[in-house]
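Start with the place where the two chains meet. Then follow the charged pairs within each chain.

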Amino acid sequence: MLEFLQRLKFPLPQASTFAPKVDLLYDFIFYSSVFLFIPTIVAMIYFGWKYRTKPNDNREVPYIDGHHTFEWFISAFVGVIFFIIFVWGLIGFNELHNPPAGTYEIGVVGKQWMWEFNYSNGKTTRNELYLPKGIPVKLVMSSPDVLHSFYVVNFRVKQDVVPGMYTTLWFQADQLGEHDIFCAEYCGTAHSNMLAKAIVLEPEQFKAWLQGSDPNQLTQLEIGKKIFNTRNCVACHSVTGVQTQAGPTVKGLFNRKVNLSDGTQVVANEDYIRTSIINPATHVVKGFRPIMPAFQGLLSENDISAVIAYIKSLKE
Amino acid sequence: MSVANSDVNYINSPKGLWSWLVTIDHKRIGIMYLFTTLAFFALGGIFALLLRIEHLTPGRTIMDANQYNIAFTLHGAIMVFMFIVPNVPAAFGNFFLPIMIGAKDVAFPKINLLSYYVFWLGAILAVCAIIFGGVDTGWTFYTPYSIRTNTAVIFMASGAFIMGMSSILTGLNFIVTVHKLRAPGMTFFHLPLFIWGIYATAIIQVLATPVIGMTVALLIMERVFGIGFFDPALGGDPILFQHFFWFYSHPAVYIMIVPGMAIISEIIPAFSKKTIFGYKPIAYSSLAIAFASFIVWGHHMFTSGQSYLASLLFSVATIIIGVPTAIKIVNWVATMYKGKVSWETPMLYAMAFIFMFSIGGLTGLFHISLAVSVHLHDTYFVVAHFHYVMMGGTVMAMLGGLHYWWPKMFGVMYNECLGKIGAALMFIGFNMTFGSQFIMGNLGMPRRYYDYAERFQPLHQVSTVGSWFIAASFLLTMSYLIYSLFKGKKAPANPWDAKSLEWTIASPPPTENFLTDPVVTEPYPYGTPNKARSHA
């Protein structure tokens with residue numbers, strides 16, 4: 001039974017130095033709760049059954065209207081347990097709020113609906129946060145639009161990303177591999193698609209990645225596909241032909257006639273797609289709202305060409 | 001003590017729809033509130049069922065992302081502002097508060113009727129928000145999203161503002177009524193505990209509700225005139241909004257649960273045939289919760305970016321509020337000791353309340369403990385926690401109260417066997433629906449997610465199937481209750497052999513409640529009545 005409960009509780013990887021500490025405290029609270037819950041419920045069911053009334057029940061019911069010592073005992077007893085839980089939680093929180101000296105800083109921008117990570121040497125990634133294993137990292141986070149929240153389950157850390165101010169978060173990843181990053185503060189249509197990966201590398205690998213220009217040469221089409229996914233174009237524009245309310249599908253788009261909201265009709269050629277990426281408000285497809293962010297200055301010309309190549313390849 | 005039921009009562013005299021619409025009888029206003037809030041409960045419930053169906057599969061099942069965002073917002077806003085806040089105080093409070101203190105009506109009967117129509121005005125605005133495309137901010141209206149989204153935020157916010165005014169009027173009325181209109185012998189410590197709970201709630205309603213009014217007023221000014229209070233693009237502070245919002249909405253959590261606790265404090269002695277254990281601790285704990293509820297709002301904001309010191313203080317304040325809650329639970333269980341316990345439907349709901357509310361309370365411990373709270377914040381763990389409190393707590397208490405007082409309110413008996421089946425279905429369905437959400441939250445499933453990773457699917461499916469049990473239970477309950485109105489057996493004045501004042505008058509009560517002025521000696525005279533009270 002205990003093993004089963006244990007499995008229900010935390011089958012999660014403990015991929016940061018915080019994770020085992022959080023889980024230990026979680027266990028303490030869990031077992032304290034069970035310890036308080038079981039006697040309460042057992043007493044309720046036992047009293048309910050033992051003293052159940054029967055037809056022609058002539059028992060004299062005693063008049064017991066309270067017990068001072070009992071009340072004080074219960075108050076003190078739960079008070080002490082609650083206080084331990086508070087202090088223990090504060091210790092962990094204290095650690096979370098006081099990063100050690102010499103952390104490695106990474107800039108984070110959360111925006112509708114993608115994550116952007118800026119490294120000190122000018123390197124920028126989207127929806128892929130590369131991290132060195134065993135080195136404390138501090139994220140300095142901001143948002144240009146609405147609230148978001150940076151949440152890595154496997155690290156047990158979370159911090160809201162607030163427009164108009166910087167928030168910070170530090171952790172030390174110590175498990176190689178990929179870990180999910182979620183946006184945990186509701187931010188609109190594609191909130192649940194605002195996903196990213198934390199990719200933990202050995203420190204040498206991380207160094208090589210950081211300095212390397214492009215470790216795996218990709219074809220233009222592969223680059224386009226990658227941008228399309230990491231920039232979360234796919235959150236609103238499906239590549240499978242499924243229509244979402246957020247945006248039209250790009251499958252079979254190239255060279256098709258498109259009806260716009262101003263009543264005109266255009267052919268979706270290279271120019272059309274390019275304009276729609278860098279300044280989407282120019283052409284709004286009929287039946288959709290002008291909600292797509294402009295990518296002007298965010299994508300290089302090469303990137304745009306690659307995305308167009310990718311869209312061209314998605315034939316009906 | 002029993003009184004022959006007369007043919008003239010508050011329901012049939014005077015007759016006609018108009019006489020109901022302009023009534024100043026607290027019982028009729030209570031009944032109108034009851035059916036109004038239950039109708040909104042059904043509406044909010046339909047949105048909940050749609051949300052659960054959407055989660056049967058990852059990706060699209062029946063609706064798209066924007067529709068989902070609107071659905072969860074409307075579910076929350078309707079349930080909070082239009083059902084759970086007004087339901088118990090305005091429906092059961094209105095009906096029973098004057099009777100239980102031996103009064104003929106509330107202190108200000110016309111203000112009481114006004115509060116009902118003000119509530120409707122707010123509700124109509126909220127319904128307008130639904131008609132004009134819905135709202136997609138979440139019931140919390142967090143800025144700056146609520147400033148920027150082009151959905152009907154202003155309608156819903158104005159609705160919340162106006163329904164808040166109704167809530168203040170009700171609270172004020174109840175405070176004055178309790179102070180001024182008690183029957184001879186009804187000292188404060190002879191008040192039934194239901195009254196203590198409603199009184200504590202009324203204090204919170206009067207003191208906290210103006211803050212939500214101001215907050216949504218600022219929000220509306222920012223949206224309409226572009227004055228920068230909360231949006232940093234206009235020079236505002238989004239976290240300030242969260243402080244304002246929770247300064248009301250945390251006390252509001254206790255506006256929702258304290259009346260539920262108050263009902264349980266009536267049902268347990270009545271179905272144990274024994275005086276309440278720890279009258280004063282329960283009464284004082286209601287007041288303690290009411291006052292402490294004002295200093296804990298920041299525990300909703302541990303990851304918001306508020307200062308470390310603020311988080312520390314809000315965390316320690318929150319453990320204080322846990323103690324009176326624990327006291328109440330222990331005293332209810334102790335009341336059953338050596339009683340004559342009968343397992344009728346109201347008692348089943350009361351026991352379900354103790355079971356589920358205990359889980360709801362204990363899982364609160366995970367959220368006051370800062371380090372764990374950071375991990376669980378904004379996941380399904382929170383969703384499960386507050387549903388165990390709000391639904392496992394307040395709604396179970398409401399259902400218990402509805403069955404307990406049904407014979408008194410309408411003078412008919414419901415079908416006891418169907419009642420038990422309904423309670424059992426509810427218990428199973430509720431724990432399936434929300435128990436599975438604790439596990440999902442642990443695994444890191446964030447809340448308000450339209451789409452989810454495939455590994456969560458089995459748990460989501462358990463939750464969805466559970467919601468169908470809940471729906472079945474409600475349909476069954478509403479069916480036999482409505483059936484009983486037309487074909488139910490006539491109820492005697494005191495079918496449960498309970499001892500508080502409302503059971504000394506006819507079912508349904510006459511318009512003036514009491515034919516002769518009642519005299520009160522003590523609130524729960526079971527066992528050996530009139531024996532000197534040793535404690536309390």
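A residue counts as exposed when its relative accessible area is over 50%, and as buried when it is under 20%. By that rule B:Asp517 is exposed, because its relative accessible area is 58%. The model is a predicted one.

Its salt-bridge partner is B:Lys104, with N and O 3.9 Å apart. B:Asp517 sits in the segment after helix H15 (457-487) of chain B, and B:Lys104 in the loop between H3 and helix H4 (109-131), so the pair ties together parts 413 residues apart in sequence. B:Lys104 is partly exposed, at 42%.

Now take B:Arg148 and B:Asp231. Their side chains meet in a salt bridge at 3.1 Å, N to O. B:Arg148 belongs to helix H5 of chain B, while B:Asp231 lies in the loop between helix H7 (193-225) and H8, 83 residues away. B:Arg148 is partly exposed, at 37%. B:Asp231 is buried, with a relative accessibility of 4%.

Chain A has a pair of its own: A:Glu316 and A:Arg256 form a salt bridge at 3.9 Å. A:Glu316 is exposed, at 72%. A:Arg256 is partly exposed, at 31%.

Turn to the interface. Contact involves 93 residues of chain B and 84 residues of chain A. The chains bury about 7,800 Å² between them, 67% of it on carbon and sulfur atoms. How many salt bridges cross the interface of chain B and chain A? The rule finds 1. It joins A:Asp180 to B:Arg455 at 3.2 Å, N to O. Polar contacts across the interface link 29 residue pairs.

Methods. Residues numbered from 1 in each chain as written. Chains lettered and ligands numbered in written order. Predicted model: local features only at pLDDT ≥ 70, side-chain atom pairs only at ≥ 80, totals over all residues. Heavy atoms only, no water. Contact = heavy atoms within 4.5 Å. Buried area = accessible area lost by both parts, 1.4 Å probe. Salt bridge = Lys/Arg side-chain N within 4 Å of Asp/Glu carboxyl O. Polar contact = N/O pair within 3.5 Å; in protein donor to acceptor, adjacent residues only side chain to side chain. Buried < 20%, exposed > 50% of the residue type's maximum accessible area, 1.4 Å probe, protein only. Helix = DSSP H or I, 4+ residues; strand = E, 2+ residues; numbered from the N terminus.
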